[in-house]
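This report describes how one protein chain is put together. Look through the sequence and the structure before reading on.

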Amino acid sequence: MVGIANALDLTDRFLPRLKSKNLKPDLLPFHPYSAAQIKSIITTRLKSLLPEGSQQTSAPFIHPAAIELCSRKVASQTGDLRKAFEICRRALDLIEAETKEKHENEAREKMLQMTPSRKPLGETTNCASPTKGGSRSVAQIATSSLKALTAETAPRASIGHLNKVTQAAFSNGTNQRLKALNLQQKAALCALVALENRNRMARANSGLSTTPSKSATLAPTVKILFDTYTILCTRDSVLHPLSSSEFREVVGSLETLGLVSPVEGKAGSFIAQTPSK
């Protein structure tokens, strides 16, 4: 039996009888794509559109700097390759609309230059016909000029186009990332918040105050966070706790999403919330 899911808690939600029969499935997690991987995939896909024997070394349709921007944006947010493809598609839609408008304007300019001096309105028998014929001619000229474009000569989406698309796609990035979390990721964040609140209350009751420079050293270790997470899951009996290695993968995914950040200290690697949280 093979199961594919975007959540790490698939076995806990849909296959609870496996553990009762002492059957533990083998998990093969697929980590989010890095910026370098996203850039390489997009560039390879675009270069495959070039004709055979082409001397062009860069990718068509999208500028390399724009591909770099898209890759870094997606990798810092979700690492989802589908999101990167969607951003590229919307950027290509923008450059396509701009190119069509540009060629139509150029066609109108050509029509005006080719049109002879107009006769007085009184001598025009049918004003609708020339306008209709002229509009068809403009469309034909624009269409023929667009058909002449190739993968090598077509304009490319710039950083400006990618900025417009990414700004619209990630305008509310933090809320979108929080809504997209699975149950185990949300449980890990809740454990971190509960642990921070408990430590803050303990410091307040003891009368101790910490300066901002020392607050980073008070971040909990992954082991302490895992113990708190396990206690909360066991106490409430809402979610079956993960193993230590699986929990570290969840924390790593939260770090990839930019929801937590590691802090180096004497006790090792710490996990702390980002300042925006």
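Which residues does Cys70 touch, not counting residues up to four places away in sequence? The residues are Ile42, Ala84, Ile87, Cys88 and Leu162. The model is a predicted one, and every value in this report is to be read with that in mind.

## Overall make-up

The protein chain contains 12 helices and 2 strands. Read from the N terminus, the order of elements is α-α-α-α-α-α-α-α-α-α-α-α-β-β.

The chain has 277 residues, and 29% of them count as buried. Among contacts with a separation of 6 or more, 70% are accounted for by residues 24 or more positions apart.

## The largest nonpolar core

Cys70, where this report began, also belongs to the largest nonpolar core. That core has 21 residues, and those that touch the most other members are Ile42, Ile62, Cys70 and Leu162. Two or more residues come from each of helix H3 (35-47), helix H4 (64-77), helix H5 (81-114) and helix H7 (159-169). H4 gives the largest share, 6 residues. Another core lies apart from this one; it has 20 residues, including Ala187, Val251, Leu254 and Leu259.

In soluble globular proteins, nonpolar side chains tend to be buried together.

How many disulfides does a search of the whole structure find? The search finds 0. A disulfide is a covalent bond between the sulfur atoms of two cysteines. To count as one here, the two sulfur atoms must lie within 2.5 Å.

For Cys88, the nearest cysteine sulfur is that of Cys70, 4.1 Å away, and Cys88 is in no disulfide. Cys88 counts as buried because its relative accessibility is 8%, and the cut-off for buried is under 20%. Cys190 is in no disulfide either. The nearest cysteine sulfur to Cys190 belongs to Cys233 and is 9.4 Å away.

## Helix H11 and its two partners

Helix H9 (residues 183-206) packs with helix H11 (residues 222-236) at an angle of about 105 degrees, and their axes are 9 Å apart. Angles of 65 to 115 degrees count as roughly perpendicular, so H9 and H11 are roughly perpendicular to each other. On the H9 side, the residues that meet H11 are Gln184, Ala187, Ala188, Ala191, Leu192, Ala194, Leu195 and Arg198. On the H11 side, they are Ile224, Leu225, Thr228, Tyr229 and Leu232. Sorted by class, this contact has 10 nonpolar, 2 polar and 1 charged residues.

H11 also packs with helix H12 (residues 244-256), at an angle of about 105 degrees and with the axes 11 Å apart. H11 is therefore roughly perpendicular to H12. Here Val222, Leu225, Phe226 and Tyr229 in H11 meet Ser244, Phe247, Arg248 and Val251 in H12. By class, the contact of H11 with H12 has 6 nonpolar, 1 polar and 1 charged residues. Leu225 and Tyr229 are named in the contact with H9 and in the contact with H12.

Is His161 buried or exposed? His161 is buried, because its relative accessible area is 9%. This histidine is in helix H7. Leaving out residues up to four places away in sequence, His161 touches Leu94, Ile95 and Glu98.

Glu98 is in helix H5. Its relative accessibility is 36%, so Glu98 counts as partly exposed. Glu98 and Pro155 are 57 residues apart along the chain, and their C-alpha atoms are separated by 9.7 Å.

Phe61 is found in the loop between H3 and H4. Its phi is near 70 degrees, a positive value in a residue other than glycine. With a relative accessibility of 23%, Phe61 counts as partly exposed.

Gln37 is in helix H3. Gln37 counts as partly exposed because its relative accessibility is 41%. The C-alpha atoms of Gln37 and Leu81 are separated by 9.2 Å, while the two residues are 44 residues apart along the chain.

Terms used. Residues numbered from 1 in each chain as written. Predicted model: local features only at pLDDT ≥ 70, side-chain atom pairs only at ≥ 80, totals over all residues. Heavy atoms only, no water. Axes fitted to C-alpha atoms, helices over the stretch in contact; angles between N-to-C directions. Helix = DSSP H or I, 4+ residues; strand = E, 2+ residues; numbered from the N terminus. Parallel < 35°, antiparallel > 145°, perpendicular 65-115°, else oblique. Contact = heavy atoms within 4.5 Å. Nonpolar A, V, L, I, M, F, W, Y, C, P; charged D, E, K, R; others polar. Core = buried A, V, L, I, M, F, W, Y, C linked by side-chain atoms within 4.5 Å. Buried < 20%, exposed > 50% of the residue type's maximum accessible area, 1.4 Å probe, protein only.
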